[in-house]
Amino acid sequence: YLRAEQYLERALEIDPAFLDAKARLAEVLIDQADTGMISYEEGFGRAAELVEDILDSNPAHAKARILQLVLEAQEAAYAGRFSAWEDIEPQLREAVRRSPDDIDAKLGFAFILSHWGNREEAVAMLERALEIDPVNLDVYFHLGIAYERIKDYESARNTYEQSLEIEPESPNTWWLLGGVALTLGDAELAISSWIKSASLDTADPELPMGIASLLYDLGLPDQARPFHEQVIRERPNSEATQLLALQQFLVEGELDRALDVARDVIEDYPPERYHAWRLAWPLLMFTSVERDTEQEDLAFVEQHIPGFLDLDTLEVHGQINTMRYNSMDVLAAVKSDDELKEFAARVTDHYRQIGFREDDLPHVNLEGYALRGEYERGIQWALEKVFTMSPTQIRLWRLRFGREFLKPIMDDPRVREELERWDQEEARMRAEVRAYLVRH
């Protein structure tokens, strides 16, 4: 994405009236915002300006009109105006109907469907687009992601592999292949694909960061160190280095130092780009009850994220709802059971409105069962939805599942058996990655 953005901006410096380049740059910015590389405000704001410029010059520009509708849908979601989909959807369907062989129209509509509407329909639309243009790399890219969103990981893997047969030098596709391989438990394919991606794009520090992060997750600090040092050289004092420092201290058993970094991350409250908060926040909260520091930790958070404790206010996007939901057992130190139950119900309804499904984050839904005292349903959910995942999909899973309020579920013999299996699976993946790195 970063390289595509640079090339397109260079093209527009040469020819500011190059409308198709503006449209493509808008797409790249939308994709960056959607993947968390840049904020929604930056990505969609810059894309909207480009689309407006295009339509001012050529009101009939088909791709720009599709992008305008995509942006309107995303803006409505961000503002919580979920009913807007009823107005936007028929306009997108009409744009696709008018241009049945227009790949861009299908890509735009499928993008929105996969987030707001019917994910299965998005897959079908992209499969149709691939029939029309079987060598279109954009279609392969979005189709693979769409397969992942419906948890058809084998099809996603096949799609990325087919794309690499057409363009074997695509760092983005190698990275996506590695990600889905990790989900499928193929650790060797995951690490080899990510290293290949980094070798093809040596200018992007996010790639060695991701490799180091995976190696720390698997308990391989010595193997992570060269990649970690590369990130420090290229991005010193960044969110990326905070994330890796946190992971390093954790794997080395230095919890207090890891918590210090976690507090720094929360104090900085960084954007989602490097996902440091997704590790920092759970670490602070998952250890809070055991450390008997709930009120102290919540006061710290409220100091740096004012309004966090105001459960009557829902954030439409961003991190705060997830942070609160992950902290319900800690919030119990300052909130009543009725307040927490009401908040949990509103959050669940809110996420359902913006297109989330219960099994998008099955481990979070599991916590909901435990908090409501629905232990038998929680056990069944864990067996059917959580432990059918790879342990690499849930960071800090030992700390997460070791919390006191989850014990009635985790102490079930069937669940304990699955936890032991996850231990064995993680050990297998660690051995596979270590052996691969020794050979290469």
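Start by selecting Glu-376, Ile-379, Gln-380, Leu-383 and Val-386 in helix 23, which meet Arg-414, Val-415, Glu-418 and Trp-422 in helix 26. Sorted by class, this contact of helix 23 with helix 26 holds 5 nonpolar, 1 polar and 3 charged residues. The model on screen is a predicted one.

Now extend the selection to both helices, residues 375-386 for helix 23 and residues 413-439 for helix 26. Their axes come within 10 Å and cross at roughly 30 degrees. Angles under 35 degrees count as roughly parallel, so helix 23 and helix 26 are roughly parallel to each other. The crossing of helix 23 past helix 26 is left-handed.

Next, go to the loop between helix 23 and helix 24 (397-401), and select Leu-396 there. Phi of Leu-396 is near 55 degrees, which is a positive value in a residue other than glycine. Is Leu-396 buried or exposed? Its relative accessibility is 17%, and the cut-off for buried is under 20%, so Leu-396 counts as buried.

Step back to helix 22, residues 362-371, and pick Asn-365. Asn-365 is buried, its relative accessible area being 14%. To see what surrounds this side of the model, show Glu-358 and Trp-381: Asn-365 is in contact with both, leaving aside its neighbours within four places in sequence.

Then move to the loop between helix 17 (288-291) and helix 18 (294-304), where Asp-292 has its place. Asp-292 is another stop for backbone geometry: its phi is near 60 degrees, a positive value in a residue other than glycine. With 64% relative accessibility, Asp-292 counts as exposed.

Select residues 187-200 for helix 11 and residues 206-217 for helix 12. How do they pack? The angle is about 155 degrees, and the axes are 9 Å apart. Angles over 145 degrees count as roughly antiparallel, and helix 11 and helix 12 are therefore roughly antiparallel to each other. Their crossing is left-handed.

To display the contact itself, show Ile-191, Trp-194, Ile-195, Ser-197 and Ala-198 on helix 11, together with Leu-207, Gly-210, Ile-211, Leu-214 and Leu-215 on helix 12. Colour these residues by class: the contact of helix 11 with helix 12 has 8 nonpolar residues, 2 polar and no charged.

How values were computed
Residues numbered from 1 in each chain as written. Predicted model: local features only at pLDDT ≥ 70, side-chain atom pairs only at ≥ 80, totals over all residues. Heavy atoms only, no water. Axes fitted to C-alpha atoms, helices over the stretch in contact; angles between N-to-C directions. Helix = DSSP H or I, 4+ residues; strand = E, 2+ residues; numbered from the N terminus. Parallel < 35°, antiparallel > 145°, perpendicular 65-115°, else oblique. Left-handed = near helix turned anticlockwise from the far one by under 90°. Contact = heavy atoms within 4.5 Å. Nonpolar A, V, L, I, M, F, W, Y, C, P; charged D, E, K, R; others polar. Buried < 20%, exposed > 50% of the residue type's maximum accessible area, 1.4 Å probe, protein only.
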